[in-house]
Amino acid sequence: MEGLNRKANLPVAADGCASSAGSAAAASYHRTVDSRCSMARGDYGQTAGNGAAGNGKAAGGNGAASGSGNGHELKVIKDATCTFCGCVCDDIDLTVEGHRIVEAERACVLGKGWFLNHDIEDRPACLIAGQPASVAEGIERAAQILANAKYPLVYGLSDTTAESQRVAVGIADWIGGNVDTTTSVCHGPSGMAFQGVGEVTCSLGEVRNRGDLIIFWGSNPAESHPRHFTKYSLMPKGQFLPNGRKDRTAVVVDVRKTKSAKAADIFIQIKPRADFEGLWTLRALANDVELDPAQVEADTGVPLATWQDLMDRMKRAKFGVLFFGMGVTMTRGKHANSEAVLALTRDMNRHTRFVCKPNRGHGNVTGADNVVTWRTGYPFGVNLGRGYPRFNPGEYTASDVLARGEADAAMIVASDPMANFSQPAREHLKRIPYVALDPKETPTTRHATVAFTVATYGINVPGTVYRMDDVPIPLRPAFESPFPSDYEILCGIERRVKALKAAANGLPQRRASLRPAGA
Ligand code: SF4
């Protein structure tokens, strides 16, 4: 909070870098980062480069000398936002001592790990070919790499703010590149299904207040989203569920008995890779289609009577919710499975109110979907090479573009493809010049031509993230980082790329927006 106020006093820059924002906090953020972005690049490079090197050490030992007995100022940040998972809990009270978070009240075990293990790393803000450089030099080199590429790729974006995502898509647009997010390796199939079928949905607040039948399919929130049950879906007493858990029926459908299955009233263990068949069995029952019991059991591994019992409960529910995870989207059938979930939900609304929601993993992967869709019309895997967006997962998704050896440069934002892409994709990424922005050293930053160390969103950087139910949530950072935010770096790169492209095309610089064809 203190940081936000202090930053808000900075002069407002008349720069086209920032988007309009929906919240006061976000607006304050825009003013802040714009003013920082508007500094002369030489000054900025010096400040950030030197600051990172110097403050990195200070963070370890010196800090502000007031307040607590050990010489550090003690402050409490109320209602901070945890960005570790898609629940994006915004009720965490952080106790901050200098540059360390010493308490994260109400955070789950994963959230505590996220906050309490946060450290300011003692490394340069920028490395070019492994050698320390100023941020300004890094921005210049990054812009040259991207502007001169024939088929550049922008990838990642799920662990940063919506404001940064917006600028990154702008860069992809200016360089006529490919833009893809980590959605393509988790809920990409759902992104395709939404476009084909549509989504009957609601906010997590409605689930909390109304959901009396909660189904988790191919999803294990007890381990991946530890506060999902207690904050939204199972335990809370809601407006129409005064007895909380007692008023809800929980069902888990999965291929193995997970920790979530142990917390459910009903566990249905389906055959591996039979999600499509299970979902279509329910669709048939919802539409009173007669089924052969032997065939259903052979296809799904579950007796027809069990499916019928579930369907009866679904029809009786006042407000049914189906949460689905990567057990649905990343198994055989992929987008056909997601389409089946969406179509089943639509079918159920002939009987009662029923909604579905993907359980999203990364803190702002939902924001990435929203921002990329807002800017291009498509959620991920978008090619802007012809001056207009083209969407084709499999062709324009990052892992495929790299594995086929097509991209000749890349910018990776807040993601680590070197740790999880296929061998051919990783090998190709190693061969091409690329830029990486990340708060930590990772296999991806290690091999990058230009690697920026950036401040951590939510802990050091304000902005906006989208909860898994598409609700935008403001971030309330705990303390400032000596490193620049990725937003600042991206703004700098975007400005230089625009200038380079304008010079190459003999055009005046314009505001960043989707380019007209041929520009
Ligand atoms: S459930 Fe997720 S967002 Fe909430 S505190 Fe735990 S890790 Fe953070």
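Author: Happy to. A crossing is left-handed if the near helix is turned anticlockwise from the far one by less than a right angle, and right-handed if clockwise. Helices are DSSP runs of H or I with at least four residues, strands are runs of E with at least two, and both are numbered from the N terminus. The model is a predicted one, in which local features need pLDDT of at least 70, side-chain atom pairs count only at pLDDT 80 or more, and totals for chains, interfaces and linings use all residues. Residues are numbered from 1 along each chain as its sequence is written.

Let's start with α6 (residues 162–174), which passes α22 (residues 486–505) in a left-handed crossing. Their axes, lines fitted to C-alpha atoms over the stretch in contact, are compared by N-to-C direction on a scale from 0 to 180 degrees. For this pair the angle is about 20° and the axes are 9 Å apart. α6 and α22 are therefore roughly parallel to each other, a label for angles under 35 degrees. Contact here asks for C-beta atoms, placed from the backbone, within 7 Å. On the α6 side, Glu-163, Val-167, Ile-171 and Trp-174 are among the residues involved, and the α22 side includes Tyr-487, Leu-490, Val-497 and Lys-501. By class, nine residues of this contact are nonpolar, two polar and five charged. In that count, Ala, Val, Leu, Ile, Met, Phe, Trp, Tyr, Cys and Pro are nonpolar, Asp, Glu, Lys and Arg charged, and the others, Gly among them, polar.

Now look at α12 (residues 275–286), which packs with α16 at an angle of about 20°, with 9 Å between the axes. That pair is therefore roughly parallel, and α12 passes α16 in a left-handed crossing. Residues of α12 including Phe-276, Leu-279, Trp-280 and Arg-283 meet residues of α16 including Ala-340, Val-341, Leu-344 and Asp-347. This contact of α12 with α16 has eleven nonpolar, one polar and three charged residues.

α16 (335–348) also leads us to α7, whose buried residues pack against α16 along with α15 (326–329), β12 (353–358) and α17 (365–376). Buried means that 20 or more other C-beta atoms, placed from the backbone, lie within 10 Å of a residue's own. Seven of the ten residues of α7 (188–197) are buried, so the helix is largely enclosed by the rest of the structure. Among them are Pro-189, Met-192 and Phe-194. Just after α7, Gly-198 has a positive phi of about 95°.

Definitions and conventions:
Buried ≥ 20, exposed ≤ 12 C-beta atoms within 10 Å, placed from the backbone. Contact = placed C-beta atoms within 7 Å. Parallel < 35°, antiparallel > 145°, perpendicular 65-115°, else oblique.
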